[in-house]
Amino acid sequence: MKLRSILAAASLAAMATGAQAEGVKVGMITTLSGGGAGLGVDVRDGFMLAVAQSGRDDIEVVIEDDQRKPDVAVQLADKMIQSEKVDVLTGIIWSNLAMAVVPGAVAQGVFYLSPNAGPSPLAGAGCHENYFNVAWQNDNLHEAAGAYANTAGYSNIFILAPNYPAGTDALNGFKRMYEGELSGETYTKLGQTDYAAEIAQIRASGADSVFFFLPGGMGISFLKQYADSGVDLPIIGPAFSFDQGILQAVGAAALGVKNTSQWSKDLDNEANVAFVESFQAEYGRLPSLYASQGFDTANLMISAVEAADVNDKDAFRAALEAADFASTRGDFAFSTNHHPVQDYYVREVIQEGDVFTNKIVGTALTDHADAYVSECAM
């Protein structure tokens, strides 16, 4: 069943059931156009695959493109809450959009399940009982990279990230765990495509290594320009800059790079093996980190739908908190601020036939929670 058929079937089934008392109406706001579209497409496809596999006829999903614009995302959220009467919102990729949408949405009694963005304010003082992050808190993969940098023996690293909430969280997270010196630290423009100036800074910095967080098309541009520059310092990064969709665009320039992630296609658990196989069969490509997060987000929601009526907010919230589903990551639990406690791995970019992908080569952090949970009053 291809995506168009999945969407049509979900919508028709929901209309046939009429009332949503035993099911759920979901509003997915995600990025489906522009430079970040690949991330949103993967979240959407993973989410809808889980909905299709559930066999439930009482889940309706309304999907809209936020165009990576906060004002558009806010307008879509307002429409979905006030006109579409959704019970659950999900899908946002970018932290600046999440900060624009989530506080207002959860205050209106809607549940928000994040399949990606995890800005620090929503994990700490701005946490809310109706907000759940099913991916990670923004700092986490970068904290894992900092921990790995220590074990790898790097002591004078150059770090860079885009100038938006997730970029700030990225560099703060890396520095929280990294024990060495910084040869340079810089923030780039969100959506930037020319990194000649930053690469010149790296060349002149005396660094022994480079850490960067540049998701989507930004990472593709940087890696290609870095490879062509002749600078050959080892690179560390989070999975966002070395994930499945990006690797095919970058190619051999990424081989051997170490990156950190809470998920990898070679995680050996039953749920993940089945997910990778079914995603590839459905969509004709290997799943990405984002696809796995969309899939897990849907399965968390489905587990709650099976346990409680979404109109009973307390019962539905308790069912979400229980996280009684088979995650592609294996062990998965929520901390008291509704953010994951999970393992973070070190992956290496490899080539399998004509496909560039990742394999796990180590564990950076075990049963790791975020740094902001003590600030959350829940």
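Author: The torsion about the S-S bond of Cys127 and Cys376 is about 90°, so the disulfide is right-handed. A disulfide here is a pair of cysteine sulfur atoms within 2.5 Å, and the S to S distance between Cys127 and Cys376 is 2.1 Å. The bond ties together distant parts of the chain, since Cys127 lies in the loop between α5 and β5 (131–133) while Cys376 sits in the segment after β13 (355–368), 249 residues apart. Searching the whole structure gives 1 disulfide. The helices (H or I, at least four residues) and strands (E, at least two) named here are DSSP runs, numbered from the N terminus.

This is a predicted model, in which local features need pLDDT of at least 70 and side-chain atom pairs count only at pLDDT 80 or more, whereas totals for chains, interfaces and linings use all residues. Residues are numbered from 1 along each chain as its sequence is written, and side-chain values use heavy atoms, with hydrogens and water left out.

Asp139, in the loop between β5 and α6 (140–152), and Arg176, in helix α7 (residues 165–177), are 37 residues apart, and their side chains meet at 2.8 Å, N to O. The whole structure has 15 salt bridges.

On the wider scale, an automatic or database domain assignment divides the protein into domain 1 (2–138 + 268–343) and domain 2 (140–263 + 344–375). Their centres, taken over C-alpha atoms, are 26 Å apart, and 36 residues of domain 1 are in contact (heavy atoms within 4.5 Å) with 33 residues of domain 2. Between them the domains bury about 2800 Å², 57% of it on carbon and sulfur atoms, where buried area is the accessible area (1.4 Å probe) that two parts lose on being put together, summed over both. In domain 1, the residues that lose the most area to domain 2 are Asn138, Leu289 and Asp343, which together account for 25% of what that side buries. Across this interface the rule finds 0 salt bridges.

How values were computed
A salt bridge is a side-chain nitrogen of Lys or Arg within 4 Å of a carboxyl oxygen of Asp or Glu.
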